[in-house]
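Q: Hi! I'm new to this one, could you walk me through it?
A: Happy to, let's have a look together.

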Amino acid sequence: MKKTLAVLNDLKKQGLIADYAIGGGMGAVFYVEPFLTYDLDVFIVADEPGLQPLESLYRYLKKRGFRPQQEQIIIEGIPVQFLPAFNELLKEAVSEAREIVYQGTATRVMTAEHLAAVMVQTGRTKDRERFFKMIEEAKIDQSKLTRMVERFGLRQKFLQWKRMHDEK
Amino acid sequence: MKSKAAATDVMLAGKVRAKSEFRRKQAAMPFARKVEVVVRLQKIAAGIGKAAGKKPIRSAWRIPTRRHPA
């Protein structure tokens, strides 16, 4: 994992990406009790917006000997899925991500509020389960999250999920 | 004397409290430790799949793919 994070930092240093943040299941694990998840979801903001922001990234990583496998690329033994930040919420989640240190290597993880909002936006069953976990276990700034879901037009779904959680 | 139902309620409430306390403790673990737990869970999941005669999970971390061809 440490080596994988070093490669991610290198991508930024090389100018292949402007910034990145860990999100998805592993991002959530940072805030809640560990659960089963298979890959490392890395949301990226490209330096130059293009139609294929992952192309140069994959080319560089393949040159370094990392092989793609389905929708992921195996970096130092860990399947990493790169996802371009394709909407305003994800872009903000990347730019406002928390800087953390993992075994001496600096990295970036989405804030708990951004992760929860992204879960509401994505809206799959597993996102709802993770959202419930976040509500119960993560230290979430409720007013920040409420403002965020309103700003990104997610208020209705957020309230619906909160109601479902409270009735559980 | 408490009824059997009341005693069960107290016991269940205790269990729920203990479980949520345990979860909060788990959530407060350092990230590196949590990642170790996730890797262990992946290995268990891969093992269960194998025992059930299914293909092992290819993407499970640190599981050599050469020994588990897809």
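A: One term before we start: two strands pair if DSSP finds at least two bridges between them. Also keep in mind that this is a predicted model.

Q: In which sense do β2 and β5 of chain A pair?
A: Those pair in the parallel sense: five bridges connect β2 (residues 40–45) with β5 (residues 78–84). Across from D41(A) you'll find Q81(A) in β5(A).

Q: Switching topic, what domains does chain A have?
A: The domain assignment gives domain 1 (2–110) and domain 2 (113–167). Taken over C-alpha atoms, the centres of these two domains of chain A are 23 Å apart.

Q: How many residues does each domain bring to the contact?
A: Domain 1 of chain A brings 13 residues and domain 2 of chain A brings eleven.

Q: Which helix gives the most on the domain 1 side?
A: α4(A) does, with five residues. Both α2 (24–29) and α4 (88–95) of chain A supply at least two residues each to the side of domain 1 that touches domain 2.

Q: What kinds of residues are on that side?
A: On the side of domain 1 of chain A that touches domain 2, seven are nonpolar, two polar and four charged.

Key. Residues numbered from 1 in each chain as written. Chains lettered and ligands numbered in written order. Predicted model: local features only at pLDDT ≥ 70, side-chain atom pairs only at ≥ 80, totals over all residues. Domains from an automatic or database assignment. Contact = placed C-beta atoms within 7 Å. Helix = DSSP H or I, 4+ residues; strand = E, 2+ residues; numbered from the N terminus. Nonpolar A, V, L, I, M, F, W, Y, C, P; charged D, E, K, R; others polar.
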